[in-house]
Amino acid sequence: MKNKEVKGILALVVVTALSFGVIIGSKSLAISAGGDSAAQSAEALEELDVSGAENIEKASKTSDGYLVTVRTKGYVGDIVMDVAFDESASKITGVQVVEQSETDGLGSKIAEAEFLDQFKGVEAPVYLPGMDVSAETDSAEEEAAPEEAEDLSILEGASLADGTYEAKTEAPDSNGFIDVVTLTVKDGAITEASWDAVTEDGSKKSIMSENGEYTMTEDGLTWKEQAEALASALIENQSLSFLNTDAEGKTDAVSGVSISVNGFIDLAAQCMKQAAGLEDAPADPFAGATLTDGTYEAKTEAPDSNGFTDVVTLTVKDGAITEASWDAVTEDGSKKSIMSENGEYTMTEDGLTWKEQAEALASALIENQSLSFLNTDAEGKTDAVSGVSISVNGFIDLATRCLEEASGIQASQPEAEEAPEEEAASEETADMTGTEIDAISGATMSSTAAVTGINEAYDFLQTVK
Amino acid sequence: MKLRYPAEAFALGIVLFSAGMKEAFAAGILVIFTSVFAELLKNLLEKAVPTWSLKFCVYIASGSVCASAFLTGFAVLGTVLTTELWIMVFIVGLLCGKHALSGNTDSEYGELLLESAFVWGLWILFTVFREFLGSGSIFGNTVFTASFQSKAFLNTTFAFMEAGLVLASVNGILKKDCKGMNSLFPVVPAMFLFHPFTVESFAGLPGTVWVIAVPILLFLSVKQTLKFARTGRFFRGLPVDMLAAGFIYMILSIY
């Protein structure tokens with residue numbers, strides 16, 4: 001009996017000791033498996049002065065480069081990251097999220113290897129698709145805002161022509177959103193208005209705010225509700241002059257609206273100027289041009305991501321477009337129109353097939369004898385042709401080339417001449433050093449916060465160097 | 001018919017790791033691994049040591065093995081296991097040990113693995129559904145997003161409900177019930193970790209105690225009432241208690 005008690009004590013001691021051993025072993029295994037970033041292995045040789053550097057908590061020179069601890073504001077709370085750079089202070093060698101309280105299953109994925117591994121060995125600064133890394137753009141836009149506000153007085157009392165007008169921002173904002181405002185004027189009065197913002201992947205801010213993926217305040221109106229309140233107020237007032245804004249672009253003119261409304265004012269003003277004839281709607285470069293009879297064909301230079309090469313054919317007879325067709329062909333000769341008829345290429349469950357939509361577009365072009373009726377949104381979609389839900393940018397580009405050939409007018413040339421600054425800007429973007437990083441799907445805010453923090457660490461090191 | 005699988009451990013595991021398929025996939029297999037380990041250790045020491053030593057040994061070993069396995073496994077997957085979660089998985093290990101010591105498994109490893117596999121499979125299935133409704137993703141990959149999706153599906157409310165539904169479904173398939181299982185073991189630790197509401201008027205310890213105490217008291221009250229409810233055989237006990245906890249969280253999260 002006593003012998004069994006001793007065995008019991010011995011077994012307990014052995015099991016406890018082994019348990020501690022297993023826990024300690026697993027901790028070191030976990031570190032080597034998941035946290036092997038340079039941030040952890042690097043030994044600080046010299047501490048860097050971070051006083052005056054906003055959001056930088058700690059920085060040091062290590063044996064193989066630099067290590068910066070940065071705090072940035074995430075979607076839910078603060079995100080603290082250790083960012084390790086090589087000796088040049090421009091190449092990121094590792095990123096580790098030390099602290100975060102982002103949404104489980106969404107924003108919390110910024111701490112996962114799948115996201116963080118993207119930063120290993122890349123050149124800073126880093127940016128998300130559609131994100132502008134240059135701070136100058138923002139300040140330039142902010143400076144331009146008051147000028148726009150001053151222009152609003154010219155819209156007072158202006159008579160508006162009936163129609164639907166749309167205006168959108170030229171480049172995505174820092175979160176990758178392109179703002180779009182649409183106004184409908186009927187009998188000289190604004191009858192419909194909408195404001196939304198769309199990301200490159202087609203996510204709408206209104207839907208994201210409804211789903212709780214884009215929140216403004218805990219208990220206030222969602223972004224969508226605020227955008228709708230603004231649009232309703234515009235319809236009610238038939239003017240933008242009631243929207244007085246403060247330095248941050250916020251207004252107290254519409255109850256419950258706490259977001260910055262400058263973007264809405266700018267775009268709505270553009271729509272109203274178009275309606276009032278003060279700002280030209282995109283002009284038709286082929287208006288009045290004589291088209292030479294013949295058959296013209298244009299196709300994309302390279303296949304798209306699905307292997308399709310778009311082809312548009314126009315036939316001009318007696319100076320008018322009499323036939324038009326749009327199709328897309330794969331390398332092996334399969335036609336998208338036939339595939340869509342056979343159900344091998346489907347767009348929607350119950351809508352028109354791709355072929356029917358392409359035919360509807362071609363018919364609309366013949367009917368209008370112009371492309372100017374095809375107004376598109378940020379995703380390249382149009383509501384000008386009933387039943388057409390596909391992106392029509394490809395059709396517009398190729399049909400424009402056919403019309404250029406038929407008329408002898410280079411429609412794209414004047415645009416290039418008129419917009420040298422835009423071209424320069426795009427060249428600048430192309431030359432821009434840095435690395436594009438994929439955001440976590442459904443967690444744009446958290447991804448942006450992480451990227452911003454890393455860029456702040458990079459900026460800090462540049463000033464120190 | 002004895003319940004071979006550790007229902008309480010699975011219930012807590014599902015509450016903790018059911019927002020994403022990846023976590024559910026890993027957590028399920030780790031709970032099964034810990035259960036087998038606990039049963040094996042119990043059988044190994046049963047005749048050699050006195051009962052008090054056996055209990056301590058099984059609890060300590062299964063708790064630490066479970067916590068260590070989760071820590072290593074999740075690190076390999078690249079998922080962060082916070083200290084709070086690490087403590088919770090230690091409790092999952094304790095519940096595996098409790099199940100082994102209860103004698104329900106009777107060294108029937110085959111049945112233990114078979115029944116646990118059913119729980120694991122349904123755990124993943126329900127999690128896929130929740131992940132999709134919550135974020136439009138499956139295994140972290142976005143399938144498609146639509147307006148009906150809401151991240152509310154990823155909250156603890158639906159985690160409790162999933163646990164209840166998974167256990168009831170497994171009971172239904174295996175024609176068993178959760179007799180003798182105590183729902184307080186998985187529910188109370190989960191309520192310590194996940195709070196259904198926050199208190200702004202008094203912060204600090206009193207506020208924390210309040211947000212933990214309220215759901216626990218409500219749960220105890222509902223649990224008492226459920227004893228007299230005519231619930232289906234497969235839902236009786238642990239599954240319906242988990243569903244009740246989910247509804248309590250749903251109501252409290254309004255505040």
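User: At what angle do helix H6 and helix H9 of chain B pack, and how far apart are their axes?

Analyst: Two packed helices are described by the angle between their axes and the distance between the axes. In this predicted model, H6 (residues 156-174) and H9 (residues 238-252) of chain B pack at about 165°, with axes 7 Å apart. Axes are lines fitted to C-alpha atoms, for helices over the stretch in contact, and angles run from 0 to 180 degrees between N-to-C directions. Helices are DSSP runs (H or I, at least four residues) and strands likewise (E, at least two), numbered from the N terminus. Residues are numbered from 1 along each chain as its sequence is written, and chains are lettered from A in the order in which they are written. Local features need pLDDT of at least 70.

User: Are H6(B) and H9(B) roughly parallel or roughly antiparallel?

Analyst: H6(B) and H9(B) are therefore roughly antiparallel (an angle over 145 degrees).

User: Which residues of H6(B) and H9(B) meet?

Analyst: Two residues are in contact if their C-beta atoms, placed from the backbone, lie within 7 Å. On H6(B) they include Phe160(B), Gly164(B) and Leu167(B), and on H9(B) Met242(B), Gly246(B) and Tyr249(B). The contact has 14 nonpolar, five polar and no charged residues (Ala, Val, Leu, Ile, Met, Phe, Trp, Tyr, Cys and Pro count as nonpolar, Asp, Glu, Lys and Arg as charged, and the others, Gly among them, as polar).

User: How many residues does the contact between the chains take?

Analyst: Chain B gives 35 residues and chain A 34 residues. H3(B) gives the most to chain B's side, with 14 residues.

Definitions and conventions. This is a predicted model: local features need pLDDT of at least 70, side-chain atom pairs count only at pLDDT 80 or more; totals for chains, interfaces and linings use all residues. Angles under 35 degrees count as roughly parallel, over 145 as roughly antiparallel, 65 to 115 as roughly perpendicular and the rest as oblique.
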